Amino acid sequence: NLKPEFQKAVIEGVAKVTHIAEADSDGRLIGEKIEQFGVIAYPCRELGLCMSLTGAEYVTTTEVYPDSPRATPEICTVAQVAVIVSGLDFILQV
């Protein structure tokens, strides 16, 4: 249920707070092909991932890494808030 514009809005919101992981030289993040900057897609329902449990139209899972030298626990918290705010702002405009 990938929603590219929704994912883009979330990434743009988080990027205002912290860095977004770059793809590697093979165009992958954590071994997965990127769908767009900062976004990978998994077969969520088949894997039983949390975002597939409700059947909601707009879902995402985010990862902010506090062990990154470019992040702090505070930045990670603010980034997660940015995910929520960006996602809700997008949905309100649809």
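Predicted model: local features only at pLDDT ≥ 70, side-chain atom pairs only at ≥ 80, totals over all residues.
**Exercise 1. Count the aromatic pairs and classify the one formed by Phe6 and Tyr58.**

Step one: rings pair if their centres lie within 6.5 Å. The count comes to three aromatic pairs. Step two: the ring centres of phenylalanine 6 and tyrosine 58 are 5.2 Å apart, and their planes meet at 55 degrees, so this pair is tilted. Phenylalanine 6 lies in helix H1 (residues 4–15). Tyrosine 58 lies in the loop between helix H2 (44–47) and helix H3 (73–93). Step four: ring pairs join Phe6, Tyr58 and Phe90 into a cluster.

**Exercise 2. Write out the order of the secondary structure elements.**

Start with the tally: three helices and three strands. Then read from the N terminus: α-β-β-β-α-α.

**Exercise 3. Decide whether the radius of gyration fits a compact globule.**

The protein has 94 residues, so a compact globule would have a radius of gyration near 12 Å. The protein has 13 Å, which agrees. Next, take the extent: the C-alpha trace spans about 35 × 35 × 20 Å along its principal axes. Of the 94 residues, 27% are buried.

**Exercise 4. Describe the surface and the charges.**

The accessible surface is about 6500 Å². Carbon and sulfur atoms hold 57% of that surface. The protein carries 7 positive and 13 negative charges, and their mean positions are 5 Å apart.

Key
Residues numbered from 1 in each chain as written. Heavy atoms only, no water. Helix = DSSP H or I, 4+ residues; strand = E, 2+ residues; numbered from the N terminus. Rg over C-alpha atoms; globule rule 2.2 N^0.38 Å. Buried < 20%, exposed > 50% of the residue type's maximum accessible area, 1.4 Å probe, protein only. Areas by Shrake-Rupley, 256 points an atom, 1.4 Å probe, with all protein chains shown as cover. Lys, Arg positive; Asp, Glu negative; His and termini not counted. Charge placed at Lys NZ, Arg CZ, Asp CG, Glu CD. Phe/Tyr/Trp six-rings, centres within 6.5 Å; stacked < 30°, edge-to-face > 60°.
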